[in-house]
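Could you look over the following points before we discuss this model? They are arranged as numbered paragraphs, with the cut-offs given where each term comes up.

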Amino acid sequence: MKTHKIIATAALMAVVATACTKDTLSIRLFSEPMTGGAKVLVDPTAVNDAQWVTGEQINLNGTARTITQHDGHFYLDLDAPIDGALTAVYPASIDANGDSVTYSASTVTINNLNIDFVAGGHRIIFPMAAEAAAGSESLKFDHLTGGLKLTLSDTATNSGYTLGSLRIVTYGDGSMAAPIAPRHGITATWAVQGPAVPGSMVGETNGDVSVVNASEMHFTFSTDGTPGKAIADGGSISFCVPITVNSVKTLEVTGYSPDGVQLFSRTKTLDDVLKVQANTMYTIPEIEF
């Protein structure tokens, strides 16, 4: 699911554990909607509904299984019954189309995520996990991360930008990059979580930047699967990303063109330390460049 890859619509996704009614052996998939200021979406204007994406994979009891869709609902189809309790993690390890995520030893590690803008919103992975008793015919997934809703606005150029990738480093208020508490025994973390090197353009770093409690996040951008996202002169884009540390005070945001040239670097310091909880979306004040 991108929250899952999420692709959002305006209706609230049902999370009632409805039993499977298909003739084939399947487990029906549900997810909790994010809550909080902006909620979770990927049509960042209507944030609660997220939709699974067929063809992506979920790790179910150690085996990667593919998401399918039948009669308007989403399932994991099984070739045989599973003995014992169910533990599922989304996504299963993936390295394709700009997404690089591994799941191993109760940890989901994010290396890079692709943000694909499509009609009605954008797709991006939000890691999730679920547990159910033996014989269950449904799985309700819970978010392992919080979320940040970001808006980037082009206020300085005369021609606009095409954004190819983005590096976001968050700094909190503690001596360690403490992850959000595990859910269902699973922790999510960005691969680089700890001391981070400032990424500002030469001469643009204002004062000292603390490197405690840092989390370094990497994203690529595409539009309907084609690399790059255009931002018109005077225009803006909004999108939602997963945050895996439990506090944020300062964000350092650096944008690059599709060929890797640095376009801008801006630092946004919040008025108060943001105490991050799982399953909550937080709106960050607009970042101008």
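**Notes on salt bridges, barrel and rings**

1. Lys140 counts as partly exposed at 33% relative accessibility, where buried means under 20% relative accessible area, exposed over 50% and partly exposed in between, with a 1.4 Å probe and protein chains only. The side chain of Lys140 meets that of Asp142 in a salt bridge, with 2.9 Å from N to O, and Asp142 is buried, with a relative accessible area of 10%. A salt bridge is taken here as a side-chain nitrogen of Lys or Arg within 4 Å of a carboxyl oxygen of Asp or Glu.

2. On provenance, this is a predicted model, in which local features need pLDDT of at least 70 and side-chain atom pairs count only at pLDDT 80 or more, whereas totals for chains, interfaces and linings use all residues. Residues are numbered from 1 along each chain as its sequence is written, and side-chain values use heavy atoms, with hydrogens and water left out.

3. The count of salt bridges comes to four. One of them joins Glu216 and Arg167 at 3.2 Å, N to O; since Glu216 lies in strand β17 (residues 214–223) and Arg167 in strand β14 (residues 165–171), the pair ties together parts that are 49 residues apart in sequence. Both ends are covered, for Glu216 counts as buried at 13% relative accessibility and Arg167 counts as buried at 10%. Arg167 and Glu216 are also linked with Glu252 in a network of salt bridges. Strands, here and below, are DSSP runs of E with at least two residues, numbered from the N terminus.

4. Which residue forms a salt bridge with Arg123? The partner is Asp116, with the closest N and O atoms 3.5 Å apart. Arg123 is partly exposed, with a relative accessible area of 27%, while Asp116 is buried at 10%.

5. Seven strands close into a barrel with mixed pairing, in the order β1-β4-β3-β2-β5-β10-β11. Neighbouring strands of this sheet are turned by 35° against each other on average, direction ignored; the axes behind that angle are lines fitted to C-alpha atoms, and angles run from 0 to 180 degrees between N-to-C directions. Two strands are said to pair if DSSP finds at least two bridges between them.

6. Strand β10 (residues 128–132) is mostly covered, with four of its five residues buried. Strand β5 (residues 86–90) pairs with β10 in the antiparallel sense over five bridges, and Val89 has Ala129 as its bridge partner in β10. Two bridges join β10 to β11, which run antiparallel, and there the bridge partner of Ala129 is Asp142. The hairpin of β10 and β11 has five residues between the strands, and in this hairpin Gly135 takes a positive phi near 85°.

7. The structure holds eight aromatic pairs, counted when rings of Phe, Tyr and Trp (its six-membered ring) have centres within 6.5 Å, with planes under 30 degrees apart called stacked, over 60 edge-to-face and the rest tilted. Among them, Trp52 and Phe141 are edge-to-face, at 5.1 Å centre to centre and 70° between the planes. This pair links distant parts of the chain, with Trp52 in the loop between β1 and β2 (57–60) and Phe141 in strand β11, 89 residues apart. Trp52 and Phe141 are both buried, and together with Tyr90 they form one aromatic cluster.

8. What places a charge over the ring of Phe117? The charged end of Lys229 sits there, 4.6 Å from the ring centre, under a rule that asks for NZ of Lys or CZ of Arg within 6 Å of the ring centre and within 35 degrees of the ring normal. Phe117 is buried, as is Phe221.
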